[in-house]
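Please have a look at this model before we discuss it. My notes are below.

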Amino acid sequence: PNTVQAVIRSRIDRLDRYSRESLCLASVIGREFARKILEQISASSERMGQALETLKLLELIQQTQVVPEASYMFRHVITQEVTYETLLKQKRKELHLAVGMAMEEIYTDRMEEFYEMLAYHFWRGEEWDRAYTYNREAGLKAQSLSAYIEAHKFLEAALMSLKKLPRTRTHLEREIDLRFNMRSALFPLGRHDDWADHIRAAESLANEMNDTASLARAYNYLCSHHWIHGRHQEAISLGEKNLQLAQSIGDFSVEVTSKFHLGIPLLYTGNIDRQVALHREVALQLSGPTALKRHGLSSVPAITARGYLAWGLAELGNFDEAGVWAQEALEL
(Lines give C-alpha, C1' and ligand atoms only; values in the text may rest on other atoms or scores of the structure.)
Protein backbone atom coordinates (compact mmCIF):
# COMPACT_ATOMS: atom_id res chain seq x y z
CA PRO A 1 0.00 0.00 0.00
CA ASN A 2 1.24 3.50 -0.83
CA THR A 3 -0.61 5.44 1.91
CA VAL A 4 -0.97 5.13 5.66
CA GLN A 5 -4.75 4.95 5.23
CA ALA A 6 -4.42 1.98 2.90
CA VAL A 7 -2.19 0.19 5.42
CA ILE A 8 -4.80 0.71 8.13
CA ARG A 9 -7.62 -0.45 5.86
CA SER A 10 -5.73 -3.64 5.08
CA ARG A 11 -5.25 -4.30 8.81
CA ILE A 12 -8.98 -3.77 9.42
CA ASP A 13 -9.84 -6.16 6.58
CA ARG A 14 -7.75 -8.90 8.21
CA LEU A 15 -9.58 -8.66 11.55
CA ASP A 16 -12.07 -11.34 12.56
CA ARG A 17 -15.75 -10.40 12.23
CA TYR A 18 -16.35 -9.49 15.88
CA SER A 19 -13.17 -7.43 16.30
CA ARG A 20 -13.91 -5.53 13.08
CA GLU A 21 -17.50 -4.85 14.19
CA SER A 22 -16.33 -3.61 17.60
CA LEU A 23 -13.73 -1.32 16.00
CA CYS A 24 -16.33 0.16 13.62
CA LEU A 25 -18.81 0.78 16.42
CA ALA A 26 -16.10 2.36 18.57
CA SER A 27 -15.13 4.69 15.70
CA VAL A 28 -18.63 6.14 15.74
CA ILE A 29 -18.57 6.81 19.50
CA GLY A 30 -15.33 8.76 19.23
CA ARG A 31 -11.60 8.49 19.75
CA GLU A 32 -12.31 7.69 23.41
CA PHE A 33 -15.16 5.31 24.18
CA ALA A 34 -16.75 3.56 27.16
CA ARG A 35 -17.21 -0.19 27.03
CA LYS A 36 -20.78 -0.01 28.36
CA ILE A 37 -21.85 2.18 25.41
CA LEU A 38 -20.14 -0.21 23.00
CA GLU A 39 -21.97 -3.17 24.55
CA GLN A 40 -25.28 -1.30 24.43
CA ILE A 41 -25.14 -0.73 20.66
CA SER A 42 -23.49 -4.03 19.69
CA ALA A 43 -25.37 -7.08 18.41
CA SER A 44 -22.53 -9.28 19.67
CA SER A 45 -22.00 -7.93 23.19
CA GLU A 46 -21.24 -11.39 24.57
CA ARG A 47 -18.07 -11.51 22.45
CA MET A 48 -17.06 -7.94 23.26
CA GLY A 49 -14.40 -8.85 25.83
CA GLN A 50 -12.45 -11.04 23.43
CA ALA A 51 -12.80 -8.54 20.59
CA LEU A 52 -11.40 -5.72 22.72
CA GLU A 53 -8.50 -7.89 23.88
CA THR A 54 -7.68 -8.68 20.24
CA LEU A 55 -7.74 -4.99 19.31
CA LYS A 56 -5.46 -4.20 22.27
CA LEU A 57 -2.97 -6.92 21.29
CA LEU A 58 -2.87 -5.52 17.75
CA GLU A 59 -2.25 -2.05 19.27
CA LEU A 60 -5.23 -0.50 17.51
CA ILE A 61 -6.72 0.59 20.84
CA GLN A 62 -5.52 0.93 24.43
CA GLN A 63 -7.37 0.83 27.74
CA THR A 64 -7.37 4.17 29.53
CA GLN A 65 -9.56 3.44 32.54
CA VAL A 66 -10.74 0.42 34.52
CA VAL A 67 -12.89 2.01 37.25
CA PRO A 68 -15.51 3.35 37.71
CA GLU A 69 -16.12 2.11 34.13
CA ALA A 70 -13.91 0.50 31.52
CA SER A 71 -12.84 3.02 28.88
CA TYR A 72 -10.63 2.76 25.81
CA MET A 73 -9.01 4.99 23.23
CA PHE A 74 -7.82 4.58 19.66
CA ARG A 75 -4.03 4.64 19.80
CA HIS A 76 -3.95 6.91 16.74
CA VAL A 77 -6.71 9.26 15.62
CA ILE A 78 -6.11 8.30 11.98
CA THR A 79 -7.14 4.72 12.84
CA GLN A 80 -10.48 5.98 14.09
CA GLU A 81 -10.94 8.18 11.00
CA VAL A 82 -10.16 5.40 8.50
CA THR A 83 -12.40 2.92 10.35
CA TYR A 84 -15.25 5.45 10.43
CA GLU A 85 -14.91 6.07 6.70
CA THR A 86 -15.41 2.35 5.96
CA LEU A 87 -19.03 2.68 7.12
CA LEU A 88 -21.78 3.67 4.71
CA LYS A 89 -23.37 7.07 5.34
CA GLN A 90 -26.75 5.61 6.30
CA LYS A 91 -25.09 3.17 8.69
CA ARG A 92 -23.18 6.00 10.36
CA LYS A 93 -26.42 7.92 10.85
CA GLU A 94 -28.13 4.90 12.43
CA LEU A 95 -25.18 4.24 14.74
CA HIS A 96 -24.88 7.86 15.88
CA LEU A 97 -28.55 7.76 16.81
CA ALA A 98 -28.02 4.47 18.65
CA VAL A 99 -25.05 5.92 20.56
CA GLY A 100 -27.09 8.97 21.60
CA MET A 101 -29.99 6.83 22.80
CA ALA A 102 -27.58 4.54 24.70
CA MET A 103 -25.96 7.52 26.42
CA GLU A 104 -29.35 8.87 27.47
CA GLU A 105 -30.15 5.52 29.06
CA ILE A 106 -26.76 4.90 30.69
CA TYR A 107 -26.04 8.41 31.99
CA THR A 108 -29.58 9.48 32.87
CA ASP A 109 -28.51 10.77 36.30
CA ARG A 110 -25.52 12.82 35.04
CA MET A 111 -26.63 14.12 31.65
CA GLU A 112 -25.01 17.56 32.01
CA GLU A 113 -21.55 16.00 31.76
CA PHE A 114 -22.41 14.65 28.31
CA TYR A 115 -24.40 17.48 26.67
CA GLU A 116 -21.65 18.06 24.09
CA MET A 117 -21.40 14.40 23.07
CA LEU A 118 -25.18 13.99 22.98
CA ALA A 119 -25.45 17.10 20.81
CA TYR A 120 -22.86 15.67 18.40
CA HIS A 121 -24.39 12.20 18.11
CA PHE A 122 -28.01 13.34 17.70
CA TRP A 123 -26.90 15.92 15.11
CA ARG A 124 -25.06 13.22 13.16
CA GLY A 125 -28.02 10.87 13.68
CA GLU A 126 -30.38 13.57 12.29
CA GLU A 127 -32.65 13.30 15.32
CA TRP A 128 -33.43 17.00 15.11
CA ASP A 129 -35.57 17.46 18.23
CA ARG A 130 -32.90 15.99 20.48
CA ALA A 131 -30.15 17.70 18.47
CA TYR A 132 -31.84 21.04 19.21
CA THR A 133 -32.23 20.22 22.91
CA TYR A 134 -28.67 19.08 23.57
CA ASN A 135 -26.98 21.71 21.39
CA ARG A 136 -28.93 24.37 23.25
CA GLU A 137 -28.00 22.90 26.63
CA ALA A 138 -24.35 22.58 25.59
CA GLY A 139 -24.40 26.19 24.37
CA LEU A 140 -25.85 27.54 27.61
CA LYS A 141 -23.36 25.44 29.58
CA ALA A 142 -20.45 26.90 27.58
CA GLN A 143 -21.88 30.39 27.98
CA SER A 144 -22.04 29.98 31.77
CA LEU A 145 -18.29 29.21 31.66
CA SER A 146 -17.61 32.31 29.48
CA ALA A 147 -16.63 30.02 26.57
CA TYR A 148 -18.46 32.27 24.13
CA ILE A 149 -17.02 30.95 20.85
CA GLU A 150 -18.04 27.40 21.78
CA ALA A 151 -21.41 28.65 23.03
CA HIS A 152 -22.09 30.31 19.69
CA LYS A 153 -21.22 27.13 17.76
CA PHE A 154 -23.59 25.00 19.83
CA LEU A 155 -26.41 27.56 19.68
CA GLU A 156 -25.97 27.88 15.91
CA ALA A 157 -26.29 24.09 15.61
CA ALA A 158 -29.41 24.20 17.82
CA LEU A 159 -30.93 26.83 15.52
CA MET A 160 -30.14 24.77 12.42
CA SER A 161 -31.72 21.70 14.07
CA LEU A 162 -34.84 23.70 14.91
CA LYS A 163 -35.15 24.85 11.31
CA LYS A 164 -35.50 21.20 10.23
CA LEU A 165 -38.55 20.69 12.46
CA PRO A 166 -42.16 21.67 11.60
CA ARG A 167 -42.89 25.41 11.88
CA THR A 168 -45.21 25.25 14.89
CA ARG A 169 -45.81 28.01 17.44
CA THR A 170 -43.77 26.10 20.03
CA HIS A 171 -40.82 25.85 17.66
CA LEU A 172 -41.08 29.55 16.75
CA GLU A 173 -41.04 30.45 20.45
CA ARG A 174 -37.94 28.28 20.85
CA GLU A 175 -36.33 30.06 17.91
CA ILE A 176 -36.94 33.46 19.50
CA ASP A 177 -35.35 32.31 22.76
CA LEU A 178 -32.39 30.82 20.88
CA ARG A 179 -31.78 34.08 19.03
CA PHE A 180 -31.86 35.95 22.35
CA ASN A 181 -29.35 33.43 23.74
CA MET A 182 -27.23 34.00 20.65
CA ARG A 183 -26.97 37.67 21.58
CA SER A 184 -25.59 36.80 25.01
CA ALA A 185 -22.89 34.67 23.36
CA LEU A 186 -21.96 37.17 20.62
CA PHE A 187 -22.09 40.36 22.69
CA PRO A 188 -18.91 39.65 24.73
CA LEU A 189 -17.11 38.80 21.46
CA GLY A 190 -17.87 42.28 20.12
CA ARG A 191 -19.90 40.85 17.23
CA HIS A 192 -22.65 43.43 17.62
CA ASP A 193 -23.96 43.48 14.06
CA ASP A 194 -24.19 39.68 14.04
CA TRP A 195 -26.30 39.50 17.19
CA ALA A 196 -28.43 42.41 15.98
CA ASP A 197 -29.37 40.30 12.93
CA HIS A 198 -30.60 37.57 15.28
CA ILE A 199 -32.60 40.10 17.31
CA ARG A 200 -34.26 41.55 14.20
CA ALA A 201 -35.24 38.01 13.17
CA ALA A 202 -36.68 37.47 16.68
CA GLU A 203 -38.54 40.79 16.40
CA SER A 204 -40.11 39.65 13.13
CA LEU A 205 -41.22 36.34 14.68
CA ALA A 206 -42.60 38.09 17.77
CA ASN A 207 -44.67 40.41 15.56
CA GLU A 208 -45.90 37.43 13.54
CA MET A 209 -47.08 35.63 16.71
CA ASN A 210 -48.29 38.77 18.50
CA ASP A 211 -45.90 37.95 21.36
CA THR A 212 -45.64 41.28 23.21
CA ALA A 213 -43.16 40.12 25.86
CA SER A 214 -40.68 38.87 23.25
CA LEU A 215 -41.19 42.00 21.16
CA ALA A 216 -40.32 44.14 24.19
CA ARG A 217 -37.15 42.12 24.76
CA ALA A 218 -36.18 42.55 21.10
CA TYR A 219 -36.67 46.33 21.30
CA ASN A 220 -34.64 46.29 24.49
CA TYR A 221 -31.66 44.68 22.79
CA LEU A 222 -31.98 46.86 19.68
CA CYS A 223 -31.89 49.91 21.93
CA SER A 224 -28.47 48.76 23.16
CA HIS A 225 -27.35 48.18 19.55
CA HIS A 226 -28.16 51.81 18.72
CA TRP A 227 -26.12 53.27 21.59
CA ILE A 228 -23.19 50.90 20.97
CA HIS A 229 -22.96 52.47 17.49
CA GLY A 230 -23.38 56.02 18.82
CA ARG A 231 -26.97 56.46 17.59
CA HIS A 232 -28.07 57.77 20.97
CA GLN A 233 -31.23 59.63 19.96
CA GLU A 234 -32.52 56.55 18.16
CA ALA A 235 -31.68 54.51 21.25
CA ILE A 236 -33.55 56.93 23.53
CA SER A 237 -36.61 57.04 21.26
CA LEU A 238 -36.83 53.25 21.04
CA GLY A 239 -36.00 52.86 24.74
CA GLU A 240 -38.81 55.21 25.88
CA LYS A 241 -41.30 53.40 23.64
CA ASN A 242 -40.13 50.04 24.92
CA LEU A 243 -40.26 51.04 28.59
CA GLN A 244 -43.96 51.87 28.22
CA LEU A 245 -44.51 48.52 26.49
CA ALA A 246 -42.58 46.64 29.20
CA GLN A 247 -44.53 48.31 32.01
CA SER A 248 -47.83 47.54 30.29
CA ILE A 249 -47.16 43.78 30.21
CA GLY A 250 -45.86 43.54 33.78
CA ASP A 251 -42.74 41.48 32.99
CA PHE A 252 -40.17 42.24 35.72
CA SER A 253 -37.07 41.17 33.76
CA VAL A 254 -38.07 43.12 30.66
CA GLU A 255 -38.93 46.20 32.72
CA VAL A 256 -35.66 46.39 34.67
CA THR A 257 -33.50 45.71 31.60
CA SER A 258 -35.48 48.32 29.61
CA LYS A 259 -34.71 50.93 32.28
CA PHE A 260 -31.09 49.81 32.35
CA HIS A 261 -30.62 50.11 28.58
CA LEU A 262 -32.50 53.41 28.28
CA GLY A 263 -30.37 54.97 31.00
CA ILE A 264 -27.09 54.51 29.11
CA PRO A 265 -27.78 56.76 26.07
CA LEU A 266 -29.37 59.27 28.44
CA LEU A 267 -26.04 59.44 30.31
CA TYR A 268 -24.07 59.76 27.07
CA THR A 269 -26.23 62.67 25.88
CA GLY A 270 -26.14 64.58 29.17
CA ASN A 271 -29.70 63.83 30.36
CA ILE A 272 -28.19 62.73 33.63
CA ASP A 273 -31.06 63.46 36.04
CA ARG A 274 -33.31 61.01 34.18
CA GLN A 275 -30.46 58.50 33.80
CA VAL A 276 -29.74 58.56 37.54
CA ALA A 277 -33.44 58.13 38.35
CA LEU A 278 -33.73 55.09 36.05
CA HIS A 279 -30.54 53.39 37.20
CA ARG A 280 -31.40 54.06 40.86
CA GLU A 281 -34.74 52.29 40.28
CA VAL A 282 -32.93 49.34 38.69
CA ALA A 283 -30.39 49.15 41.54
CA LEU A 284 -33.17 49.18 44.15
CA GLN A 285 -35.20 46.58 42.27
CA LEU A 286 -32.18 44.28 41.79
CA SER A 287 -31.10 43.70 45.35
CA GLY A 288 -31.29 40.94 47.92
CA PRO A 289 -30.89 37.19 47.27
CA THR A 290 -31.74 37.40 43.55
CA ALA A 291 -29.47 40.38 42.81
CA LEU A 292 -27.07 38.39 40.62
CA LYS A 293 -29.69 37.14 38.14
CA ARG A 294 -28.79 38.15 34.59
CA HIS A 295 -32.35 38.72 33.28
CA GLY A 296 -31.30 37.72 29.76
CA LEU A 297 -28.19 39.92 29.59
CA SER A 298 -24.58 38.86 29.16
CA SER A 299 -23.56 41.05 32.11
CA VAL A 300 -25.11 41.17 35.58
CA PRO A 301 -27.41 44.23 35.45
CA ALA A 302 -27.47 44.72 39.23
CA ILE A 303 -23.71 45.37 39.11
CA THR A 304 -23.56 47.30 35.85
CA ALA A 305 -26.51 49.54 36.77
CA ARG A 306 -24.79 50.48 40.04
CA GLY A 307 -21.66 51.32 38.06
CA TYR A 308 -23.56 53.62 35.71
CA LEU A 309 -25.46 55.12 38.66
CA ALA A 310 -22.17 55.96 40.41
CA TRP A 311 -20.92 57.52 37.16
CA GLY A 312 -24.04 59.66 36.74
CA LEU A 313 -24.05 60.80 40.38
CA ALA A 314 -20.37 61.75 40.06
CA GLU A 315 -21.20 63.86 36.99
CA LEU A 316 -23.77 65.68 39.15
CA GLY A 317 -21.26 66.15 41.97
CA ASN A 318 -23.06 63.77 44.37
CA PHE A 319 -19.84 62.00 45.31
CA ASP A 320 -20.93 60.56 48.65
CA GLU A 321 -23.93 58.72 47.17
CA ALA A 322 -21.85 57.74 44.13
CA GLY A 323 -19.33 56.13 46.48
CA VAL A 324 -22.03 54.12 48.25
CA TRP A 325 -23.42 52.66 45.02
CA ALA A 326 -19.93 52.01 43.63
CA GLN A 327 -19.01 50.11 46.80
CA GLU A 328 -22.20 48.01 46.50
CA ALA A 329 -21.26 47.19 42.92
CA LEU A 330 -17.78 46.08 44.01
CA GLU A 331 -19.21 43.90 46.75
CA LEU A 332 -21.67 42.25 44.34
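1. Ground rules. This is a predicted model, where local features need pLDDT of at least 70, side-chain atom pairs count only at pLDDT 80 or more, and totals for chains, interfaces and linings use all residues. Residues are numbered from 1 along each chain as its sequence is written, and side-chain values use heavy atoms, with hydrogens and water left out.

2. Helix α4. It spans residues 48-57 (helices are DSSP runs of H or I, at least four residues, and strands are runs of E, at least two, numbered from the N terminus). M48, A51, L52, T54 and L55 are buried (under 20% relative accessible area; exposed is over 50%, partly exposed in between; 1.4 Å probe, protein chains only). These buried residues line one face of α4, because they fall within an arc of 155° seen down its axis (the arc is that of the directions from the helix axis to the C-beta atoms). Q50 and L57, on the other side, are exposed.

3. Around α4. The cover over its buried residues includes α2 (17-29), β1 (32-34), α3 (35-41), β2 (61-65) and β3 (71-74) (contact means heavy atoms within 4.5 Å). Just after α4, E59 has a positive phi of about 60°.

4. Cores. The largest nonpolar core has 90 residues (buried Ala, Val, Leu, Ile, Met, Phe, Trp, Tyr and Cys joined through side-chain atoms within 4.5 Å). L23, F33, I37, L38 and I61 touch the most other members. A second, separate core of five residues includes I236, L243, L266 and L278.

5. Cysteines. C24 is buried at 12% relative accessible area, and C223 is buried at 2%. The whole structure has zero disulfides (cysteine sulfur pairs within 2.5 Å).
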